[in-house]
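Please have the view open and follow along.

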Amino acid sequence: MSKILIIAEHAAGKLNPSTAKCVSCARAIDGASIDILVLADDPTAVAQAAAAIDGVSRVLTVADAGFAQPTAAAFAPTVVAQAAGYSHVFGPSTTFGKDLMPRVAALLGVSQVSDIMAVDGAHRYKRPIYAGNAIASVEAPSDQTVVATVRTASFQAAGNGGSAAIESAGGAAEIPGHTRFVGLESGSSDRPDLQTAARVVSGGRALGSAENFQIIYDLADTMKAGVGASRAAVDAGYAPNDMQVGQTGKIIAPDLYMAFGISGAIQHLTGIKDAGTIVAINKDPEAPIFEVADIGLVADLFNVVPELQAALKG
Amino acid sequence: MKILVGLKRVVDYTVRVQVKPDGSGVATDGVKMSINPFDEIALEEALRLREAGKAEEVIVVSIGPQQAMQQLDSGLAMGANRGILVKTDQPIQPLTAARVLLKLVEKEQPGLVLLGKQAIDDDCNQTPQMLAALWGRPQATFASKIALDGEVATVTREVDAGLETLSVDLPAVVSTDLRLNTPRFIKLPDIMKAKSKPREVLELASLGVESGDHLRYTGYEPPAKRSKGVMVADVPALIEALKAKGLL
């Protein structure tokens, strides 16, 4: 039987929804028993949130001041120690999990399956390669611990009707002093989080400047939407890096994705293809974004956004 | 200080790869091959650090078939001091790559290893972290800024929450993100100059590295296509269409 340990992602005492998505992935493995490991300086609130996720048997906590920031160097040795007895160790395919899990896998001497998008069996998965231009079926050996990251856009978060037991799992393994957290400069705001927002309004290079990008923020606020940007817009300095949607940025799956002035480079499309409805507004009728859009409008975004804004406000 | 840079030979980023009709792989015959773009950024950063007097030597390493020498040639033309090809005709997985790099790290004793955060073929995003783990050294992944000061690197990382800064003791492994820099173009005289630079070829089998190729890739398929949508004429029609889908 599969015994799966999921590494909780959290910040500021809040559990990241990526963890409940990992649980959904784990539940796709028949008969799996699922535990969540919370490493934190104070795991109390995060552990309670994790215990409420449907399908979780136990929440294990390790409290240590060295876990105040989620650096891979600090987390990995303790994850490795806690992995004993588990057949699988899963983390989310967010920057947190991408950073941590390969360090865990290497310390365990096993391969890692990156970006699980579908489960075909306890050791068989599907994962995207070539920026999502191909889907590979991959089989991990059954005599090794499976270390994997879960592509969060491929799984709905598990529900919140659970009441798992919360247990202390003892102390932390040695935390190396060679890696020190200095700071986090957050581009975030009061807007819905890009990775979990039901609606996302996104702007591309056509915005032309950081000042012009303000109309995207304004429309997003009217629509109670998260804000995204194409790589071109981020590279040009119109929007901060944490808003980038795409293969090398965030891979998202909102119910509604509205792309303004985004041409639709393959790496951007990779980041949105799990969206419920994609709306594209672009001046160029040949823009590749129209090939994946559910609703397309060939028009100048500088006309469309204010008109949309007025219609939705009024 | 030496800087070791990994250069993976991959299908050029402009090629739109297709899955072979029999699902046995992706069609790579005759397509343009290049340095993995993230690795090119790693090399550019290494060269800039050397030019700023923070390092003396930049060594480029590739693990792959004899043809990967082309990517080392490009790296040497960009400005690396010497190249090492670890030759293998079989594709390898990240854990093996990390073990090979560890062998080279033990031999060369670099103060910094710069690797692309992921290769654009297998999209694994594992090798730098695995090397750091096996080496027992710090990792700073997804770097958008690197500052070296003596035995310490201050690295700004592109993370989901914004920009995180870590301070790590050297030696360390840093993986590069897209906005770290814009790689230089190679000029013809550079190619000529690079011809005399040292190139070492090692057989992977001769390194005594235990294979970490534990995963078996059993099949490939094209991604599910989104069905083509509808075009609307104006904003009122757009709002109507969104309302019809229950999205407004």
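Begin in chain A, where strand S17 (residues 277-282) and strand S18 (residues 295-298) run parallel and are joined by four bridges. One of the pairs to look for is Asn282(A), whose bridge partner in S18(A) is Val298(A). Strands here are DSSP runs of E with at least two residues, helices are runs of H or I with at least four, and both are numbered from the N terminus. Two strands pair if DSSP finds at least two bridges between them.

Before going further, a word on the source: this is a predicted model, in which local features need pLDDT of at least 70 and side-chain atom pairs count only at pLDDT 80 or more, while totals for chains, interfaces and linings use all residues. Residues are numbered from 1 along each chain as its sequence is written, and chains are lettered from A and ligands numbered from 1 in the order in which they are written.

Now zoom out to the open sheet of six strands, which has parallel pairing and the order S15(A)-S14(A)-S16(A)-S17(A)-S18(A)-S13(B). Its edge strands, each pairing on one side only, are S15 (226-229) of chain A and S13 (230-232) of chain B. From one strand to the next, the twist averages 20°. Helix H5 (residues 214-223) of chain A packs on this sheet, touching S14 (199-203), S15 and S16 (256-260) of chain A, and its direction makes about 170° with that of S14(A). Such angles run from 0 to 180 degrees between N-to-C directions, with axes fitted to C-alpha atoms, for helices over the stretch in contact.

The two chains also meet through strand S10 (residues 134-139) of chain A, which pairs with S12(B) in the antiparallel sense over five bridges. There, Ser137(A) has Gly219(B) as its bridge partner. How many residues does each chain bring to the contact? Chain A gives 68 residues and chain B gives 62 residues, where contact means C-beta atoms, placed from the backbone, within 7 Å. On the chain B side, S9(B) gives the most, with eight residues.

Finally, turn to chain B, where the axes of helix H3 (residues 94-108) and helix H4 (residues 127-135) come within 8 Å and cross at roughly 50°. That makes H3(B) oblique to H4(B) (under 35 degrees is roughly parallel, over 145 roughly antiparallel, 65 to 115 roughly perpendicular, and the rest oblique). Among the residues making this contact are Leu101(B) of H3(B) and Trp135(B) of H4(B).

Methods
Two residues are in contact if their C-beta atoms, placed from the backbone, lie within 7 Å.
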